[in-house]
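User: Please go through the terms used for this entry and say what each one rests on. I want the value, the cut-off and the conclusion.

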Amino acid sequence: MSSTFLGMPATPPRSPYGTGNLRGDRKFPAAAHDELRNEQLRRNLGKATHTIRAKRLNVTGELPDWEQLRDAGSAIKTDTMNRLPELLEQLEQQVTERGGTVHWARDGVEANEIVTRLVRATGSTEVIKVKSMATQEIGLNEHLESAGITPYETDLAELIVQLAHDKPSHILVPAIHRNRDEIRQIFLKEIPGVDPRLDNVPAHLAAAARAYLREKFMTTKVAVSGANFGIAETGTLSVVESEGNGRMCLTLPDTLITVMGIEKVLPRYQDLEVFLQLLPRSSTGERMNPYTSMWTGVTPGDGPQDFHLVLLDNGRTAALADRIGREALNCIRCSACLNVCPVYERAGGHAYGSTYPGPIGAVLTPQLAGMHAAKDDPNSSLPYASSLCGACFDACPVKIDIPSLLVELRHQHTEESGTTAEKLAMKAAAGVMKRPKLFTAAQKAAELGRVLGGRDGKISHLPPPFNGWSDSRDTAAPPKQSFRSWLASDEGAATMRAAADEYDRNQQEEEK
Amino acid sequence: MTTARATVLGRVRDALALAPTQDTTIPRDYRTGRTLPDDERLALFTDRLVDYKAKVHTCTAARTAEVIAQVLDGLGARRIGVPAGLDEQWLGAYDGDVQQDSADIPAPRLDALDGVVTASAVGCAETGTIFLDGSPDQGRRALSLVPDLHVCVVDLSAVEVGVPEAVARLVPERPTTLISGPSATSDIELERVEGVHGPRTLVVVIRVDA
């Protein structure tokens with residue numbers, strides 16, 4: 001089956017509103033406001049992000065061709081997006097020929113239904129899971145639970161998040177907001193039969209997780225994973241990990257179900273030579289992560305004999321339809337941009353409200369799920385959750401120009417909110433500034449604004465229509481005097497005379 | 001009714017039609033095709049393996065059995081699994097119990113082994129990585145995963161300088177596992193801790209003349 005192109009292209013839909021985990025309950029400034037008061041969170045995040053920054057710089061600095069690798073990685077991803085239809089069809093064909101079954105999902109709801117149906121067909125009521133952003137994005141765990149299937153997260157950080165009934169706050173290390181003492185408490189409370197003498201030494205905490213999950217690995221018949229890469233040329237899928245939980249899930253069960261975003265496809269097997277250098281060094285700051293698994297369909301006598309690949313859209317084609325925004329689809333989920341971001345470091349991942357936090361989340365989330373799906377859509381605040389400092393761009397292994405994407409999204413947001421009061425006010429201001437008398441009068445009126453400012457000279461809440469501005473920043477109260485009225489005063493005249501005299505003196509000095 | 005497949009592929013084509021693409025050439029100016037003399041490759045590979053907490057032994061091919069026996073005895077491993085295609089002579093000096101693997105042995109039973117001895121397909125010096133590809137002397141993936149000790153024999157002639165050189169030697173269709181040190185996690189405060197679900201001890205025996 002191939003679709004025939006008929007007539008005008010239609011704009012692809014975003015991830016359906018109200019599904020999955022691509023939208024928070026409230027806007028970033030409100031959420032960040034609360035997170036910033038959590039001193040424990042800020043200490044944990046500060047320590048972790050500074051550790052990983054140093055490690056990343058060490059191992060990227062070791063490679064004299066790091067910039068060439070970034071250029072190659074960026075171009076391979078761009079080429080991939082350009083040829084996405086043929087590459088997806090090639091991937092499907094290769095996986096099918098090697099004994100796998102390929103499914104297509106228009107959105108997260110459909111993907112959840114497919115996975116649930118496949119699990120039910122095995123008769124199993126449990127699945128073991130490899131850490132996966134795609135399944136987090138679509139809320140697969142919640143869906144499985146509602147269908148009577150228990151998902152067990154097996155990555156240590158995902159396990160911590162699941163046991164604590166918490167939400168992930170980082171792409172790579174979802175429990176980055178927890179320190180060792182908190183993790184010890186979670187394990188003591190939630191792991192059945194854990195040694196009550198468990199201390200807070202990371203190695204001992206890891207050993208407790210090993211003991212807890214061992215039996216699950218040995219007995220569970222179905223695993224669900226994501227994929228870091230899917231090679232169109234060969235049908236090879238790849239999962240990059242550290243702990244061996246990925247290898248366990250990809251190897252021991254009878255059935256493996258892999259959910260992969262359509263943008264994760266790569267054209268050639270050879271392309272792995274680039275991404276297997278870029279990803280680990282950018283992600284955990286290691287020369288290579290401890291384990292990478294690569295499998296192609298089904299191998300008789302080795303690993304799951306029933307393999308399903310679910311290809312997920314869920315707003316990716318909507319992002320692809322944006323000439324500028326599509327660059328965000330190049331992301332390989334390394335999380336380097338989170339670790340260098342001054343905003344993420346302080347606000348933490350939960351403030352973004354999405355599976356994808358940090359700088360890349362601020363550009364990816366609005367594109368997958370939209371930012372005007374409801375009145376006061378929380379996602380509309382994400383493009384503003386940045387100081388545009390550019391550290392994310394420098395750190396990105398595939399050179400995604402995140403600051404430019406943020407600016408583009410801000411532009412789209414103001415365009416979309418076209419007739420808002422804020423926009424009308426800007427037009428009014430432009431009109432006033434063109435007329436000197438009116439401008440002077442307006443400045444005099446603004447002096448009254450001092451009344452609004454508190455003792456610290458800041459206005460934190462402006463009345464409508466300007467509350468959109470003051471929601472995300474404090475406004476300095478206007479000065480006592482406008483510049484023009486100061487200039488006309490005795491003090492202003494004296495200062496200007498003094499400046500003129502000094503200029504004359506300098507000129508004379510130079511002539512000498 | 002339109003299938004999900006047709007819908008998704010149609011959307012992708014629509015997206016590319018709405019926002020036309022720019023032709024891209026892929027610059028591959030990064031380092032490829034590198035070679036290094038044996039002693040330098042050995043030094044680099046060893047340094048990287050040790051850095052990620054693998055134990056390294058170097059020997060000649062003639063001493064393979066002797067070194068493997070020493071390693072297993074030293075770690076107190078009395079019950080060892082081996083893939084069906086492993087050179088039998090490699091365990092000739094070992095006096096413990098050797099269980100030859102086969103696909104019908106359930107994976108949980110591998111948990112009763114003290115360790116496993118396998119060969120390897122390729123090595124990468126710059127990253128300290130070993131590649132297993134399921135060949136008869138490496139066995140199915142579960143065998144080198146479930147036991148807590150993995151003794152892996154690597155021939156220096158199969159150790160490439162960097163990632164591109166190593167990936168070029170792989171056979172894509174084979175189930176391939178890249179191993180760089182023992183199992184580890186950085187999930188607690190981003191500090192690396194060795195030993196989670198995979199083998200907690202990785203011993204690499206490098207044969208310098210093989």
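**Terms and the values behind them**

Analyst: A:N314 is found in the loop between β10 (306-312) and α13 (316-320) of chain A. This is a predicted model, in which local features need pLDDT of at least 70, side-chain atom pairs count only at pLDDT 80 or more, and totals for chains, interfaces and linings use all residues. Residues are numbered from 1 along each chain as its sequence is written, chains are lettered from A and ligands numbered from 1 in the order in which they are written, and side-chain values use heavy atoms, with hydrogens and water left out.

User: Why is A:N314 called buried?

Analyst: The relative accessible area of A:N314 is 2%. Buried means under 20%, exposed over 50% and partly exposed in between, with a 1.4 Å probe and protein chains only. A:N314 therefore counts as buried.

User: Where is B:K53, and why is B:K53 called partly exposed?

Analyst: B:K53 sits in the loop between α2 (38-51) and β1 (55-59) of chain B. Its relative accessible area is 48%, so B:K53 counts as partly exposed.

User: What makes B:H197 buried, and which residues does B:H197 touch?

Analyst: B:H197 is in the loop between β11 and β12 (201-207) of chain B. It counts as buried because its relative accessibility is 1%. Contact means heavy atoms within 4.5 Å. Leaving out residues up to four places away in sequence, B:H197 touches a list that includes A:T154, A:R210, A:F217, A:E243 and A:M248 of chain A, and B:L145 and B:S183 of chain B.

User: Why does B:E189 count as buried, and what does B:E189 touch?

Analyst: B:E189 lies in the loop between β10 (184-185) and β11 (193-194) of chain B. Its relative accessibility is 13%, so B:E189 counts as buried. Beyond residues up to four places away in sequence, B:E189 touches A:K47, A:A48, A:N179 and A:R180. Within chain B, the C-alpha atoms of B:E189 and B:A112 are separated by 33 Å, and the two residues are 77 residues apart along the chain.

User: What makes A:P342 partly exposed?

Analyst: A:P342 has 30% relative accessibility and so counts as partly exposed. A:P342 belongs to helix α15 (residues 342-347) of chain A. Helices (H or I, at least four residues) and strands (E, at least two) are DSSP runs, numbered from the N terminus. A:P342 touches A:S387 and A:C389, not counting residues up to four places away in sequence. Its C-alpha atom is separated by 9.9 Å from that of A:T49, 293 residues apart along the chain.

User: How many helices and strands does chain A have?

Analyst: Chain A has 23 helices and twelve strands. Of its 512 residues, 57% count as buried.

User: At what angle do helix α8 and helix α9 of chain A pack?

Analyst: α8 (residues 156-163) and α9 (residues 180-190) of chain A pack at an angle of about 65 degrees, with their axes 10 Å apart. The contact is made by A:L156, A:L159, A:I160 and A:L163 of α8(A) and A:I183, A:I186, A:F187 and A:E190 of α9(A). Seven of these residues are nonpolar, none polar and one charged. The axes are lines fitted to C-alpha atoms over the stretch in contact, and angles run from 0 to 180 degrees between N-to-C directions.

User: How many cavities does a search of the whole structure find?

Analyst: The search finds eight cavities of 30 Å³ or more. A cavity is a set of points on a 1 Å grid over the protein atoms alone where a 1.4 Å probe fits but cannot get out, and lining residues have an atom within 4 Å of a point. Points are joined across faces, edges and corners, and a volume is the space filled by probe spheres set on them.

User: Which residues lie nearest the centre of the largest cavity?

Analyst: The largest cavity holds about 610 Å³ of space. Its lining has 37 residues, of which A:K131, A:I171, A:L172, A:N228 and A:V240 lie nearest its centre. By class, the lining has 15 nonpolar, twelve polar and ten charged residues. Ala, Val, Leu, Ile, Met, Phe, Trp, Tyr, Cys and Pro count as nonpolar, Asp, Glu, Lys and Arg as charged, and the others, Gly among them, as polar.

User: How does the lining of the second largest cavity divide by class?

Analyst: The second largest cavity has a volume of about 100 Å³. It is lined by 13 residues, the closest to its centre being A:C331, A:C334, A:C337, A:C396 and A:P397. The lining divides into eleven nonpolar, one polar and one charged.

Definitions and conventions: 1 Å grid on protein atoms, 1.4 Å probe; cavity = no way out; pocket = protein on both sides within 12 Å on 5 of 7 lines; lining within 4 Å.
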